[in-house]
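This briefing concerns a single protein chain.

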Amino acid sequence: MAERTESPGYLEKRSLRRGSAGPLLLTGLGVAYVVSGDYSGWNFGLAHGGFGGLAVAAALMGLMYTCMVFALAELAAILPTAGGGYGFARRALGPWGGFLTGTAILIEYVLAPAAISIFIGDYVESLHLFGLTSSWPVYLFCFAVFIGVHLWGVGEALRFSFLVTGVAVAALLVFAVGAFTDFHTGRLNDIPADPHAFGSSSWLPFGLLGIWAAFPFGMWFFLGVEGVPLAAEETRDPARTLPRAMATSMGILLLLALLTFLAATGAGGANALTEAGNPLVTALDPDGGGRVLARVVNYAGLAGLVASFFSLIYAGSRQLFALSRAGYLPRVLSLTSRRKAPWLGLLVPGTIGFTLAAATGDGARMLNVAVFGATISYALMSLSHIVLRRREPSLPRPYRTPGGVATSTTAFVLACAALVATFLVDVTAALIALAVYAVAAGYFALYSRHRLVANAPEEEFAALAAAEAELSRE
């Protein structure tokens, strides 16, 4: 591997706006990444695990995300840069570890917005808005307008995201109140049990293996919250603000997951929700009678999808920016505008996302690819925490993970289990993600690893560790 130091002007052309986000906006960002998952997607796990299987899977995935968020909070306080997980893994696992982690995160944050744009198009069509009979104009509108807001400025973008997220969260609470008025415990386990499945019962109709198969769908209640550290360079006092915002957003997401899952399944019935594209509306209005509350929740679901789409565009641009600035990807992608927005880092993934959405229309497949990339990054980021705790115990840590290595080890084991579970759900999606990984790894091996930028923040952080290790040997 070869690195070279670039001139100060190089980094000046690749700088973000400092101090744009405080704890409230960051908490909103963490919830915004995820809130669309409460409105749809999680319910398909009922077809793999039933109520009991999905409940156990969601609880285990909630534990994984909670442990991982605490581990990432420590790492983000140590290295508050836009690289996020890539920067942590770079110091702990070397250039290859950093590259593989950053690439996995990028797969998640490029594919997920493309998938969500398709879901937004489906919502617009189902609500009969604007008289559209084709969804591609909706995809184009989403990418063009919302990328435009990001180009305007990060402060404006985060405030817009916070507002839309507030609408979506308020609607979830209203939904829960309405659904619990028609809650019946008998509806939770109304899926017929498979007599051939090991350990099957009314609560586990697909047996014990159904719990494992439901892991990827349990993740949808939390997928994306790990992206909060990507805002580090644009945060006021990141060492204190990031851990607080991450813990608060995770607490909110756990509460929303519990309320949504119980209320929807108990009101609509597990069997009725297994294939519902809009499970909350189905739970409130199973006969399609046009209840007012169901229509309100339907519109709010659109707001939730917009919030997640908008915030994931942000996360993807920052990960791409950091990898490009350090030379792992073409450096031109990290250039920032006069308003300190990584304009190519927004436009290039947006163009890819729109093209995929318009060409395939397969949102579920793209989300499964995104989940596969996410689970790889979770395992590598958790491993980075373990390695740094053991190898560099004296490293200054403004925030320390409760439980230490035991916490990140729990996240690592569950992330590996979730990674394997993706093959139980969609082998094709996993293979697509591996193919993208292989192409990216070839580019890094043959070209970019010989052209890394030594004075990029994440690379300097890793170089400092190497220098300290050399001094200790002497």
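## Buried charges and overall form

Glu 233 counts as buried, at 3% relative accessibility; here buried means under 20% relative accessible area, exposed over 50%, and partly exposed in between, with a 1.4 Å probe and protein chains only. The model is predicted, so local features need pLDDT of at least 70 and side-chain atom pairs count only at pLDDT 80 or more, while totals for chains, interfaces and linings use all residues. Residues are numbered from 1 along each chain as its sequence is written, and side-chain values use heavy atoms, with hydrogens and water left out.

**Salt bridges**

- The count of salt bridges comes to nine, a salt bridge being a side-chain nitrogen of Lys or Arg within 4 Å of a carboxyl oxygen of Asp or Glu.
- Glu 233 and Arg 325 meet through their side chains in a salt bridge of 2.7 Å, N to O. This pair links distant parts of the chain, 92 residues apart: Glu 233 is in the loop between helix 9 (215-218) and helix 10 (238-268), and Arg 325 is in helix 13 (residues 292-325).
- Arg 325 is buried, at 3% relative accessibility.
- Glu 74 forms a salt bridge with Arg 389, with 2.8 Å between the closest N and O atoms. Glu 74 belongs to helix 4 (residues 46-78) and Arg 389 to helix 15 (residues 363-391), so the pair ties together parts that are 315 residues apart in sequence.
- Glu 74 is buried at 0% relative accessibility, and Arg 389 is buried at 15%.
- Glu 74, Arg 389 and Arg 397 are linked in a network of salt bridges.
- A salt bridge also joins the side chains of Arg 91 and Glu 392 (2.5 Å, N to O). Arg 91 lies in helix 5 and Glu 392 in the loop between helix 15 and helix 16 (405-425), so this pair ties together parts that are 301 residues apart in sequence.
- Arg 91 is buried at 5% relative accessibility, and Glu 392 is buried at 11%.

- Glu 108 lies in helix 5 (residues 85-126).
- Leaving aside neighbours within four places in sequence, Glu 108 is in contact (heavy atoms within 4.5 Å) with Pro 113, Leu 223, Gly 224, Glu 226, Ala 370, Ala 374, Ser 377 and Tyr 378.

**Overall form**

- The protein has 18 helices and two strands; these are DSSP runs numbered from the N terminus, with helices (H or I) of at least four residues and strands (E) of at least two.
- The radius of gyration is 22 Å, close to the 23 Å that the globule rule gives for 474 residues, so the protein is as compact as a globular protein of that length. The radius is taken over C-alpha atoms, and the globule rule is 2.2 Å times the number of residues to the power 0.38.
- Along the principal axes, the C-alpha atoms fill a box of roughly 70 × 50 × 40 Å.
- Of the 474 residues, 61% are buried.
- Among contacts between residues at least 6 apart in sequence, 83% join residues at least 24 apart.
- The accessible surface comes to about 17,600 Å², and 67% of this surface belongs to carbon and sulfur atoms. Accessible areas come from the Shrake-Rupley method with a 1.4 Å probe; for residues, only the protein chains shown count as cover.

**Ala 283 in helix 12**

- Ala 283 is found in helix 12 (residues 279-284) and is buried, with a relative accessible area of 4%.
- Not counting residues up to four places away in sequence, Ala 283 touches Phe 175, Ala 264, Ala 267, Gly 268 and Leu 273.
- The C-alpha atoms of Ala 283 and Gly 316 are separated by 33 Å, and the two residues are 33 residues apart along the chain.

- Most residues other than glycine have a negative phi.
- Asp 237, which is not a glycine, has a positive phi of about 50°. Asp 237 sits in the loop between helix 9 and helix 10 and is partly exposed at 43% relative accessibility.
- Lys 340 likewise has a positive phi, near 65°. Lys 340 is placed in the loop between helix 13 and helix 14 (343-360) and is partly exposed, with a relative accessible area of 30%.
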